[in-house]
Amino acid sequence: MEGAHQNILQRLAEVNMLPAAGYGSDDCCAAAREKIRSACSCPQAAVHFLVGGTQANAVVIAALLHSYQGVLSAASGHIAVHEAGAIELGGHKVLALAHDFGKVRAETVAAALHKYAADANHEHMVMPGMLYISQPTEYGTLYSLAELEALARVCRAHKIPMYVDGARLAYALASADNDVSLADLARLADVFYIGGTKCGALLGEAVVMPQPGVLPHFFTVMKQHGALLAKGRLLGIQFEVLFADGLYQRIGADAVKYAAQIRAALAEGGFQLYGAAPTNQVFFIMENVTLARLAERVEFSFWENYDEARSIIRLATSWATRGEDVQALCALVRGFYQGVAR
């Protein structure tokens, strides 16, 4: 909801009038790529900058899949629910899998791949061609290192790539429950992206390919999809700043801390939490008849219906969330049901 980290705005102003080559071939993009490679302990990685998360997902998935293939995803995955059919528009089906608060298990992926191979009619069906996951998930939950390693083993055994959506990756890295590093992602994923839009940048995502040969002509694919920004330096500058002095790894810390405080206040106020995400998203259940009263004071997102009388609501903190606003929210929700009763 806010703009960008002050360091980014300052740097954009500093270089605003300096001429630079286009399409990401400028010095700022080159410096950002080197910083990201260093942070990922992956000096050979290819790094491409795109404008947004849905764009990154659509372009990467289109580049990875053959025309007859689809992408395995949790049924709750962003590409399956909140991207308006962008993947299907590109000609690929999203193959939904059962999940546990956003996470798919290695066993579930293996079962789907085995089921396809064993079906006598599989040549008439959409072939599972890759796995899409996100870290954190749509429910703010985290894959552990062991879980990611298990997923990677399944994908490699079946020779399909694993792609990790990192739109909110800074909040995963800042969580005390996290044991997955950028270097781990570079070791286990075939492609992943480092989210900037939700993590301190004005806009932009950095797509990382640890082994560049996996998509050797990705620059051209970006161009085909209208995803190649002429003034690419605007993206490179932002990631150059985010990856200076470990800022990206720290920028989500307050958001995670404040989300924990909000969860505690919701529980004290009589709200039923939905799940126990350790990152910046907070989910809780609320009676539909009282939603309008909460909306008078609080900006929240409707997530989904819980049952006929109740809904799941989402609150999200960010790198820009202020402590005084969190305190005011916590005070409000602690006394909410008493206020409703009055």
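Helices (at least four residues) and strands (at least two) are DSSP runs here, numbered from the N terminus. With that in hand, Pro136 sits in the loop between strand E4 (127-134) and H7, and a cis peptide bond joins Pro136 to Gln135. Keep in mind that this is a predicted model.

**Nonpolar cores**

- In soluble globular proteins, nonpolar side chains tend to be buried together.
- Here the largest nonpolar core has 67 residues, and the members that touch the most others are Ile36, Leu151, Phe192 and Ile194.
- Helix H7 (residues 145-157) gives this core its largest share, seven residues.
- Apart from that core lies another one, of 26 residues, with Ala46, Met130, Val221 and Leu228 among them.

- The cis bond between Gln135 and Pro136 has an omega of about 0°.
- Tyr23 has a phi near 60°, which is a positive value in a residue other than glycine.
- You'll find Tyr23 in the loop between helix H1 (6-14) and helix H2 (27-39).
- Tyr23 has 41% relative accessibility, so it counts as partly exposed; that label covers values between the 20% limit for buried and the 50% limit for exposed.
- Lys159 isn't a glycine either, yet its phi is positive, at about 60°.
- Look for Lys159 in the loop between H7 and strand E5 (162-165).
- Lys159 counts as exposed because its relative accessibility is 75%, and exposed means over 50%.

**Aromatic rings**

- There are 14 aromatic pairs in the structure.
- Take Phe336 and Tyr337: their ring centres are 5.4 Å apart and their planes stand at 80°, so this pair is edge-to-face. The cut-off for that label is an angle over 60 degrees.
- Phe336 is buried, at 5% relative accessible area, whereas Tyr337 is partly exposed, at 23%.
- Ring pairs also link up a cluster made of Phe101, Tyr139, Tyr274, Phe283, Trp303 and Tyr306.

**Surface spots**

- Leu9, Leu202 and Leu203 make a nonpolar surface patch of about 220 Å².
- Leu203, one of the three, belongs to the loop between strand E6 (191-195) and strand E7 (205-209).
- With 31% relative accessibility, Leu203 counts as partly exposed.
- Asn305 is part of strand E10 (residues 301-305).
- Asn305 is exposed, since its relative accessible area is 54% and the cut-off is over 50%.
- Setting aside neighbours within four places in sequence, Asn305 is in contact with Arg310 and Ser311.
- From Asn305 to Tyr116 is 189 residues in sequence and 32 Å in space, C-alpha to C-alpha.

Note on methods
Residues are numbered from 1 along each chain as its sequence is written. This is a predicted model: local features need pLDDT of at least 70, side-chain atom pairs count only at pLDDT 80 or more; totals for chains, interfaces and linings use all residues. Side-chain values use heavy atoms; hydrogens and water are left out. Patches are made of residues with over 30% relative accessible area and no salt bridge: like charges are joined within 9 Å, nonpolar side chains (Val, Leu, Ile, Met, Phe, Trp, Tyr) within 5 Å. Accessible areas come from the Shrake-Rupley method with a 1.4 Å probe; for residues, only the protein chains shown count as cover. A salt bridge is a side-chain nitrogen of Lys or Arg within 4 Å of a carboxyl oxygen of Asp or Glu. Buried means under 20% relative accessible area, exposed over 50%, partly exposed in between (1.4 Å probe, protein chains only). A nonpolar core is a set of buried Ala, Val, Leu, Ile, Met, Phe, Trp, Tyr and Cys residues joined through side-chain atoms within 4.5 Å. Rings of Phe, Tyr and Trp (its six-membered ring) pair if their centres lie within 6.5 Å; planes under 30 degrees apart count as stacked, over 60 as edge-to-face and the rest as tilted. Contact means heavy atoms within 4.5 Å.
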